[in-house]
Amino acid sequence: MPNSALHVARTGLEAQDARMRVIANNLANIGTTGFKRDRADFATLAYQEQRVAGQQSTNQTAYAVGLNLGTGVAVVGTSRIDTQGTLNQTGNTFDLALDGDGYFQVELPPGGQIAFTRAGNFTISPQGNLITGQGFAVTPPIQIPQGSQNVTISPDGTVSAMQPGQTAPVQLGQLQVANFANAAGLRQIGDNFLVETGASGPAELGIAGQFGRGQIRQGMLEGSNVNVVEELVEMIEAQRAYEINSKMVSAVDEMLRNANQTL
Amino acid sequence: MDRLIYTALSSMNASMDRQRAVANNLANTSTPGFRAEVFAVKAATLRDGSIEARAPARGSVRGADMVEGRTRPTGQPLDLAVQGEALLAFQAPGGGGQAGEVYSRRGDLRIATSGVLENGEGLAVLGQGGGPITVPRGFVISIGEDGTVLASDPAAPQAAPEVVDQIKLVSREGTALAKGIDTFLKVPGGGVLPPDPTARVTSGSLEDSNVETAETLVQMIDAQRAFEQRAKIIKTARDLDEASSRLMAHR
């Protein structure tokens with residue numbers, strides 16, 4: 001394949017395009033609660049061996065070096081960068097942020113598939129259940145009776161409230177926090193939700209603040225961990241790399257045109 | 001027919017191969033720890049007559065440019081940049097440890113489902129014993145300057161972190177390395193590199209590709225123009241042939 005330099009440059013264009021898409025998604029989600037930025041992972045593609053080192057060059061001699069030509073680059077995946085986002089004070093009773101590792105558990109309809117999220121902008125359903133903005137129930141379910149006042153959620157997830165006619169707060173339940181052997185392996189399904197995969201390992205449920213799980217902060221929300229300056233620098237880098245690869249395409253194009261015209 | 005055109009053709013092929021190596025380098029400007037390939041053309045002189053005028057060109061990738069790339073802080077505790085000339089040792093893919101070791105400067109480590117520490121290409125990093133490093137679940141992992149993998153129990157923040165293993169850092173001094181067809185650096189013909197006890201790593205940083213874009217673009221133009229000059233030689237050969245056949249026609 002004499003013109004495969006074109007295809008090698010094409011893989012470069014495609015990879016930079018994919019990276020640009022990752023950056024665009026990061027920037028678009030700068031205001032998304034609990035969003036974690038992604039990083040595009042590049043890897044070289046396999047090589048084509050055109051002449052193997054050690055192969056006979058003549059009867060007595062062998063090639064000392066092989067002719068290994070690379071076939072370009074690919075984005076093999078994206079890694080989610082799980083650093084803590086900034087905690088913003090909102091003052092809302094049911095806005096919860098995780099200070100540290102871990103995820104809230106949510107039951108997705110239909111079928112009750114369990115999803116995980118760091119976006120803790122919860123509300124209360126008409127029946128008094130703790131739900132997400134989309135109306136999906138938080139598990140284990142937390143039921144807040146009507147007329148409850150001063151609902152407090154402690155750093156370890158204990159929910160308590162004052163009931164009418166009582167002087168001491170009543171404990172209503174405890175939120176659980178899930179963590180994973182490899183949280184980077186969770187799969188994004190959109191709407192701030194993640195689901196477990198073979199790579200993430202099963203969820204290990206427990207009490208907030210224990211065994212590496214973060215503490216729950218009531219009245220706060222975790223912002224996205226996207227750093228605008230970092231993304232913009234990456235964007236410029238991706239753009240220039242794209243231009244360089246397109247330059248390569250036109251250089252090979254010129255070579256072939258020249259061969260066509262001259263010969 | 002003159003043999004000149006075949007000599008020129010071989011060099012046209014060599015410049016096209018060179019262009020492909022350059023394209024591969026340019027495509028990998030964003031691959032962490034990538035080592036640029038060095039393409040060299042040599043003359044394969046044919047000793048068939050009294051004069052050695054025929055020397056077809058033969059190009060080959062002579063190995064990798066081992067110059068250090070720029071280090072970029074990422075803030076990720078499992079991202080490693082190796083200082084100096086040392087390399088990280090990884091288990092060669094496939095073969096379950098029998099396939100030997102491959103070396104890389106790519107240190108974007110992560111924890112696989114099995115608890116094995118691997119890099120962004122899915123290669124398991126090797127410990128001092130020569131096997132992969134398995135980290136305990138639920139522990140906070142950090143990496144020391146000499147490659148020591150430390151695990152601290154988040155439930156007991158006061159306790160000293162436990163040493164899991166030490167990443168195998170090797171020295172390439174005095175040993176030739178070649179890129180295999182699977183894109184990884186290894187010792188040609190098998191063998192392993194000696195450990196480097198003085199090697200240091202910086203955690204929270206990644207080493208970029210060492211492809212210098214400006215230099216590589218110049219190489220690209222160089223290869224392009226060389227290709228065109230050789231095409232011109234073929235054209236000149238045709239002109240010469242046509243001129244002599246015209247001379248014959250006038251008779």
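Tutor: Let's start with a definition: angles under 35 degrees count as roughly parallel, over 145 as roughly antiparallel, 65 to 115 as roughly perpendicular, and the rest as oblique. Before using it, note that this is a predicted model, where local features need pLDDT of at least 70, side-chain atom pairs count only at pLDDT 80 or more, and totals for chains, interfaces and linings use all residues. Residues are numbered from 1 along each chain as its sequence is written, while chains are lettered from A and ligands numbered from 1 in the order in which they are written.

Student: What angle do helix 1 of chain A and helix 1 of chain B make, and what is that called?

Tutor: Their axes cross at roughly 5 degrees and come within 8 Å. (Axes are lines fitted to C-alpha atoms, for helices over the stretch in contact, and angles run from 0 to 180 degrees between N-to-C directions; helices are DSSP runs of H or I with at least four residues, strands are E runs of at least two, and both are numbered from the N terminus.) Set that angle against the cut-off, and the two helices are therefore roughly parallel to each other. On the chain A side, the contact includes Ser4(A), Val8(A) and Ala15(A); on the chain B side, Met16(B), Arg20(B) and Ala27(B) are among the residues.

Student: What classes of residue make up that contact?

Tutor: There are 8 nonpolar, 5 polar and 1 charged. Here Ala, Val, Leu, Ile, Met, Phe, Trp, Tyr, Cys and Pro count as nonpolar, Asp, Glu, Lys and Arg as charged, and the others, Gly among them, as polar.

Student: How many residues does the whole contact take from each chain, and which element of chain A gives the most?

Tutor: Chain A supplies 53 residues and chain B supplies 48. Helix 2 of chain A gives the most to its chain's side, with 12 residues. That side divides into 27 nonpolar, 20 polar and 6 charged.

Student: Now the strands: what makes strand 9 and strand 11 of chain B edge strands?

Tutor: They belong to an open sheet of 3 strands in the order 9-10-11, with antiparallel pairing. Strand 9 (140-143) and strand 11 (162-166) each have a single partner strand, so one side of each is left without a neighbour in the sheet. The twist averages 25 degrees from one strand to the next.

Student: How do you know that strand 10 and strand 11 of chain B pair?

Tutor: Pairing takes at least two bridges found by DSSP. Strand 10 (residues 148-152) and strand 11 of chain B have 4 bridges, in the antiparallel sense. Thr148(B) stands opposite Gln166(B).

Note on methods
Two residues are in contact if their C-beta atoms, placed from the backbone, lie within 7 Å.
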